[in-house]
Amino acid sequence: MQKSWLIFLLLLAPLLTSNIAIAATSSGLQARNAYVRGLPPGVANTAAYMTLKNNSDTDLVLTGAETPAAKSASLHATVKRGGGMTMEHVMSATIPAKGSLELKTGGLHLMLMGLKRPLGSGDSVRLTLKFEGGFVQTMDVPVISVLDE
């Protein structure tokens with residue numbers, strides 16, 4: 001029954017708002033308020049944002065991501081350096097047991113680099129999160145255009 005519910009949610013994700021909670025019942029992981037930022041045509045890179053909630057009794061270590069929508073996807077952090085802001089690649093981020101990790105603008109986020117086509121409102125992006133120990137979680141994430149934010 002739970003597996004059928006998960007499949008149902010994943011199939012509907014592109015049609016719903018970004019407030020959907022995408023759950024992995026076996027891992028205790030939920031992705032909330034997930035979205036990919038849609039940018040004007042010609043922009044080669046974008047970002048994915050969400051809150052990852054770990055309902056399990058053990059820490060989960062996010063080590064990366066992949067998507068067929070871009071040449072590469074990786075974890076980045078926005079950091080202050082030399083009076084300005086810059087982005088740095090981050091090797092991993094821990095989601096504590098019974099805790100959460102927010103991927104947000106101006107902080108930790110997933111960069112999608114080398115987009116294979118423009119992404120606009122109404123599109124969705126298949127995103128696979130990779131975790132330490134070989135665990136992966138795949139979800140369809142809605143695109144929200146900067147024009148709609």
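Predicted model: local features only at pLDDT ≥ 70, side-chain atom pairs only at ≥ 80, totals over all residues.
**Entry 1: the core**

I looked up the largest nonpolar core, and it has 32 residues. I then asked which members touch the most other members, and found Met50, Leu52, Leu110, Leu127 and Leu129. In soluble globular proteins, nonpolar side chains tend to be buried together.

I picked Met50 and listed its contacts, leaving out residues up to four places away in sequence. Among them are Leu110, Leu127 and Leu129. Met50 also touches Arg32, Asn33 and Glu102.

**Entry 2: the salt bridges**

Asp57 pairs with Lys98, with the closest N and O atoms 3.3 Å apart. I checked where the two sit: Asp57 is in the loop between strand 3 (45-54) and strand 4 (60-66), and Lys98 is in the loop between strand 7 (93-95) and strand 8 (100-103). They are 41 residues apart, so I recorded a link between distant parts of the chain. Asp57 has a relative accessible area of 66%, which means that it is exposed, since the cut-off is over 50%.

Glu88 pairs with Arg81, and here I read 1.7 Å between the closest N and O atoms. Glu88 is partly exposed, at 28% relative accessibility.

Asp140 pairs with Arg126 at 2.8 Å, N to O. Asp140 lies in strand 11 (residues 136-145) and Arg126 in strand 10 (residues 124-131), 14 residues apart.

Is Asp140 buried or exposed? I found 11% relative accessibility, so Asp140 counts as buried. Arg126 is partly exposed, at 43%.

Definitions and conventions:
Residues numbered from 1 in each chain as written. Heavy atoms only, no water. Core = buried A, V, L, I, M, F, W, Y, C linked by side-chain atoms within 4.5 Å. Buried < 20%, exposed > 50% of the residue type's maximum accessible area, 1.4 Å probe, protein only. Contact = heavy atoms within 4.5 Å. Salt bridge = Lys/Arg side-chain N within 4 Å of Asp/Glu carboxyl O. Helix = DSSP H or I, 4+ residues; strand = E, 2+ residues; numbered from the N terminus.
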